[in-house]
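Could you walk me through this structure while I have it open in my viewer? I would like to know what to select next and what I will find there.

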Amino acid sequence: MKVTRITTYRVPPRWMFLKMETDEGVVGWGEPVVEGRARTVEAAVHELSELVVGKNPAHINDIWQTLYRGGFYRGGAVFMSAIAGIDQALWDIKGKVLGAPVYELLGGRVRDRMKTYCWVGGDRPADIIAQMKERLAHGFDTFKLNGCEEMSIIGTSKAVDAAVAKVAQIREAFGNTVEFGLDFHGRVSAPMAKVLVKELEPFRPLFIEEPVLAEQAEHYPRIAAQTSIPIAAGERMYSRFEFKHVLERGGISIIQPDLSHAGGITECVKIAAMAEAYDVALAPHCPLGPIALASCLHVDFVSWNATLQEQSMGIHYNKGGEVLDYMLNKDALTLDDGGYALPFKGPGLGIEVNEALVIERSRDPGDWRNPLWRHPDGSVAEW
Ligand SMILES: O=C(O)[C@H](O)[C@@H](O)[C@@H](O)[C@H](O)CO
Ligand SMILES: [Mg+2]
């Protein structure tokens, strides 16, 4: 069998799907994208496709190594996302050829179902209580919200109090009937992370995510040393070679590699195993579409240390497209009571893509950009 063609489709809300065709008619799908840089990743995919077209898609490991080591300059969000989408499609094809879900090809499941969580509150957390009540009615009891809005490198008491007040409201409304992670989203600097984790400690969030930017990872052990709240990070780390430093330094309790940014299934299975060796939990990042989510879940089902799966149904970014929209077999990704995802039954990734809709929506994909925030003094603020 040989790969004959790779086609990319940018679609609303801000995703990209990759279709990989073969000379035997088996088709695989992937979801390479860097949110806000879809066209850059699209160019990278087509540059890299010369190393894939004409190759046997069964040789996933060799194709991965060629894509990664074949370029003198390597790594980073764009290239590792391009490799991720190609890798996902290769696994989809292998499963379809062998008639087995990807998790079976990876040694079989270690769990019967996978706990997921959902976003509430949007960029500027508001209406959180109402949104949590609504999701609780649908069985969700685990959530994530942005921990704060803009935060200067030395923030004000007012900004800290606003962050704490939100969390206090949640505990007042729900007690410990809900769990929630706080995503600092890289908005907070090292000096303020110390202040915020101290003030938030009494409310016991399930985790604090990206308490500082990935490029400030040397602060994770220091922040962890001052709090019992588990520290989570990883959505902006793109390979084993980045995660190894974080795992060696310590401080991280939960890693969150993104299956569409960190080299795909082949790479993230290895990252998950590395984390298990350090007794670190896995909670893959996934604010994206169905193929990305399916790729996460296949890794979750075979990773003993997988604890929580992010999924984007109803997330504030999904304007103009939702996770199930592009699927023919929507029941494959329904979540049961309690927000658990069940193992895919179909071969490969288990997603039957509605190609006609993908093609139609790709005609007007939009061009999502993340907001550009500024502090009151006019300087750029981390979004
Ligand atoms: O945890 C999360 O989902 C992320 O921080 C998410 O908000 C970002 O990755 C966003 O998708 C970037 O465009
Ligand atoms: Mg995040």
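Start by selecting the shell of residues around ligand 1: it divides into 5 nonpolar, 2 polar and 7 charged residues. Keep in mind as you look that this is a predicted model. In total, 14 residues surround ligand 1, and the closest are Arg-14, Lys-144, Glu-235, Glu-310 and Tyr-317.

Select Glu-310, where a polar side-chain atom lies 2.5 Å from an oxygen atom of ligand 1. Move on to Glu-35: an N or O atom in its side chain is 2.8 Å from an oxygen atom of the ligand. Then pick Glu-209, which has a polar side-chain atom 2.9 Å from an oxygen atom of ligand 1. Taken alone, ligand 1 exposes 340 Å², and the protein buries 94% of that. The space that ligand 1 takes is the largest pocket.

For the last stop, select the cysteines. How many disulfides does a search of the whole structure find? The search finds 0. Click on Cys-268 to see why: its sulfur is 7.5 Å from the closest cysteine sulfur, in Cys-296, which is too far for a bond. Now try Cys-286, which is in no disulfide either; the nearest cysteine sulfur, that of Cys-296, is 4.1 Å away, while a disulfide needs the two sulfur atoms within 2.5 Å.

Are these two cysteines buried or exposed? Cys-268 counts as buried because its relative accessibility is 1%. Cys-286 is also buried, at 1% relative accessibility.

Note on methods:
Residues numbered from 1 in each chain as written. Chains lettered and ligands numbered in written order. Predicted model: local features only at pLDDT ≥ 70, side-chain atom pairs only at ≥ 80, totals over all residues. Heavy atoms only, no water. Buried < 20%, exposed > 50% of the residue type's maximum accessible area, 1.4 Å probe, protein only. Near = heavy atom within 4 Å. Polar contact = N/O pair within 3.5 Å; in protein donor to acceptor, adjacent residues only side chain to side chain. Areas by Shrake-Rupley, 256 points an atom, 1.4 Å probe, with all protein chains shown as cover. 1 Å grid on protein atoms, 1.4 Å probe; cavity = no way out; pocket = protein on both sides within 12 Å on 5 of 7 lines; lining within 4 Å. Sits in = over half its atoms within 2 Å of the grid points. Nonpolar A, V, L, I, M, F, W, Y, C, P; charged D, E, K, R; others polar.
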